[in-house]
Amino acid sequence: MAARKGAGVLELAVLGLLHESPMHGYELRKRLNALLGMFRAFSYGSLYPCLKQLLARGLIMEDRPEEPNVALALQSRRSKIVYKLTADGKERLQQLLTEAGPAAWEDEGFGVHFAFFSHTRADVRLRILEGRRSRLEERLEGFRAALARTRERVDSYTLELQNHGLESVEREVRWLNELIGRERAEQEKLAKSSEIDQDMPREKGR
């Protein structure tokens with residue numbers, strides 16, 4: 001199950017990056033490392049099997065430049081392949097970006113979804129942020145309960161580590177609260193603007 005979840009995160013990351021622009025495999029590897037490396041250890045060995053599956057499903061395509069002579073043909077072909085998103089790939093990306101369930105709230109899933117928030121509907125963004133906050137609030141309760149149980153029985157270094165984990169989660173919850181507040185304010189602003197636009201034709205008709 002964990003491997004399947006990881007594959008889903010990688011699929012979203014690859015499709016999202018190729019939506020921004022076509023890329024050579026090497027460039028895609030670098031971009032994925034920068035993106036996924038913040039949330040988990042990214043294995044380069046998992047990229048090419050993922051690309052192979054996306055090709056087989058028709059979600060991406062290869063653009064192979066013509067090689068003018070045999071000497072060039074003997075060079076590494078993989079480094080020359082440019083990967084591009086297909087129409088089906090764009091459709092699949094939009095489908096993935098509308099998913100706002102528990103998988104999008106977990107550590108690596110949330111990070112990748114957040115990286116593509118600019119392509120995500122506002123209502124989906126809000127559901128993911130609220131789901132992530134709910135998950136972290138559950139985690140906070142666990143940290144606090146563990147601290148209460150073990151405070152008198154652990155050494156000072158273990159206690160510092162537990163406190164560090166607690167403070168890290170508390171900081172992220174505060175950050176999420178700020179993001180959620182901004183998202184809600186923006187949605188309310190857009191809703192009011194839409195109401196004004198709808199009322200204007202009525203006033204002109206009077």
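In which sense do β2 and β3 pair, and over how many bridges?

Modeller: β2 and β3 pair in the antiparallel sense, over four bridges. Before the rest, some ground rules. This is a predicted model, in which local features need pLDDT of at least 70 and side-chain atom pairs count only at pLDDT 80 or more, while totals for chains, interfaces and linings use all residues. Residues are numbered from 1 along each chain as its sequence is written, and side-chain values use heavy atoms, with hydrogens and water left out. Helices (H or I, at least four residues) and strands (E, at least two) are DSSP runs, numbered from the N terminus. Two strands count as paired if DSSP finds at least two bridges between them.

Now the sheet itself. It is open, has three strands in the order β1-β3-β2, and its pairing is antiparallel. β1 (23-24) and β2 (60-63) are the edge strands; each has a single partner, so one side of each has no neighbour in the sheet. β3 covers residues 82-85, and its antiparallel pairing with β1 runs over two bridges. Along that pairing, Met23 has Tyr83 as its bridge partner in β3, and His24 stands opposite Val82 of β3.

α3 lies across β2 and β3, and its direction is at about 105° to β2. Axes here are lines fitted to C-alpha atoms, for helices over the stretch in contact, and angles run from 0 to 180 degrees between N-to-C directions. Contact means heavy atoms within 4.5 Å.

α3 (residues 47-56) also meets helix α2 (residues 25-36): the two axes come within 11 Å and cross at roughly 115°. The crossing of α2 past α3 is right-handed, the term for a near helix turned clockwise from the far one by less than a right angle, with anticlockwise being left-handed. From α2 the contact takes Gly25, Tyr26, Leu28, Arg29 and Leu32, and from α3 it takes Leu47, Tyr48 and Leu51. By class, the residues of this contact are six nonpolar, one polar and one charged. In that scheme Ala, Val, Leu, Ile, Met, Phe, Trp, Tyr, Cys and Pro are nonpolar, Asp, Glu, Lys and Arg are charged, and the others, Gly among them, are polar.
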